[in-house]
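Have a look at the model first.

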Amino acid sequence: MAYDLSKVVVTSSPHIKADDDTRSLMLDVLIALIPALAVSVFTFGPRALVLTVISMVACAVFETIYNKIVGHPNTVGDLSCFVTGVLIAFNIPVAAPWWLPVFGALFGIIVVKMLFGGIGRNFMNPALGARAFLLASWPALMTAWTAAHASLPLFGNVTVTDAISTATPLTTLKVSTILDAVSGPTAPPAKPVALIDLLLGQTGGALGETCALALLAGGLYLLYRKVITINIPAAYILTVAVITFLFPVGDLSRVEWMCSHLLSGGLMLGAIFMATDYVTSPVTPKGQIIFGIGCGLLTVFIRYFGGLPEGVSYSILIMNTLVWAIDKKTHPRKFGYKLDKVKKEAQ
């Protein structure tokens, strides 16, 4: 039997047939972020939605402008800029002025992402880079927390009379840590936010970090869709859980102290949606576990010993810079490598 080999196309591995592409993956991430966005709007009002939309539009505009200037095809259609826009908004407080996410989008898209070659080439997460830039540039605006269900104007700046200042749950825990270090057993007992409020997001904080339940729901959706693996989130969260359980501070029980750290701050947001970024996280399973453990250790160290109550953003950014080394050390050994090495040594 004769075969017509003219229609046979020979290509190098990997030979994968799948419908997944960047657009479909980013769409799944956007869907997974909807529960947290819905809780944010319920907790902080429609202003949260306005800030999120402004951030998404700004990211799309800056990416379009950059591609137009350098003569590249417009990449807005892959939806990655919209994911960055939502995550930037999720890292700012509801009392922030409308122009704050615009500057965050400018830095995250242009400086962190596009100047390094666009999606797939940036060495750090654009949303976290934007958060670090905003926190360093406008620290007062980035820490202007308001209580849940405060009445805020839809547009315009939030005045002192509009906002109801409040401490975030992590700030309360940080104060407890400092008092315990200074006063020892005589320190006044901490008064943390109720765990049910942390789970449901009825606390002060950044737009998308308060509701642990909504973030976990989004994470389960991403796992179901196989957009992410369990390696990084599990290693990250379990590391924080073990350390905070073994080394509680203040008058809280071990379980209360651990749960307060797990459910507050940006831990769930960072572990599920930002530490798992394909571009800035390791590609090997062993490397992903090491990456998650490193993020967890740094997060706890910053929370315990640093000057800031939160350490998620900086821990992920630091580990982003080490991904190349982690991948290098955990890359699978080539077939026949050990035999070739033995032959070389024998010679």
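Which helices each supply at least two residues of the lining of the largest pocket? They are H1, H3 and helix H12 (267–274); helices here are DSSP runs (H or I, at least four residues) numbered from the N terminus. This is a predicted model, so local features need pLDDT of at least 70 and side-chain atom pairs pLDDT 80 or more, while totals for chains, interfaces and linings use all residues. Residues are numbered from 1 along each chain, and side-chain values use heavy atoms, without hydrogens or water.

The largest pocket has a volume of about 450 Å³. Met 26, Ile 119, Asp 277, Tyr 278 and Val 279 are the closest to its centre among the 22 lining residues. The lining divides into 14 nonpolar, 6 polar and 2 charged residues.

| Pair | Axes come within | Crossing angle |
|---|---|---|
| H1 (residues 22–44) and H3 (residues 80–90) | 9 Å | roughly 25 degrees |
| H10 (residues 231–246) and H13 (residues 285–305) | 7 Å | roughly 35 degrees |

The angle makes H1 roughly parallel to H3 (under 35 degrees). On the H1 side, the contact (heavy atoms within 4.5 Å) includes Met 26, Val 29 and Leu 30, and on the H3 side Phe 82, Val 83 and Phe 90. By class, that contact has 11 nonpolar, 1 polar and no charged residues.

As for H10 and H13, their contact includes Ala 235 and Tyr 236 of H10 and Gly 292 and Gly 296 of H13. Its residues divide into 13 nonpolar, 7 polar and no charged.

Key
Axes fitted to C-alpha atoms, helices over the stretch in contact; angles between N-to-C directions. Parallel < 35°, antiparallel > 145°, perpendicular 65-115°, else oblique. Nonpolar A, V, L, I, M, F, W, Y, C, P; charged D, E, K, R; others polar. 1 Å grid on protein atoms, 1.4 Å probe; cavity = no way out; pocket = protein on both sides within 12 Å on 5 of 7 lines; lining within 4 Å. Points joined across faces, edges and corners; volume = space filled by probe spheres on them.
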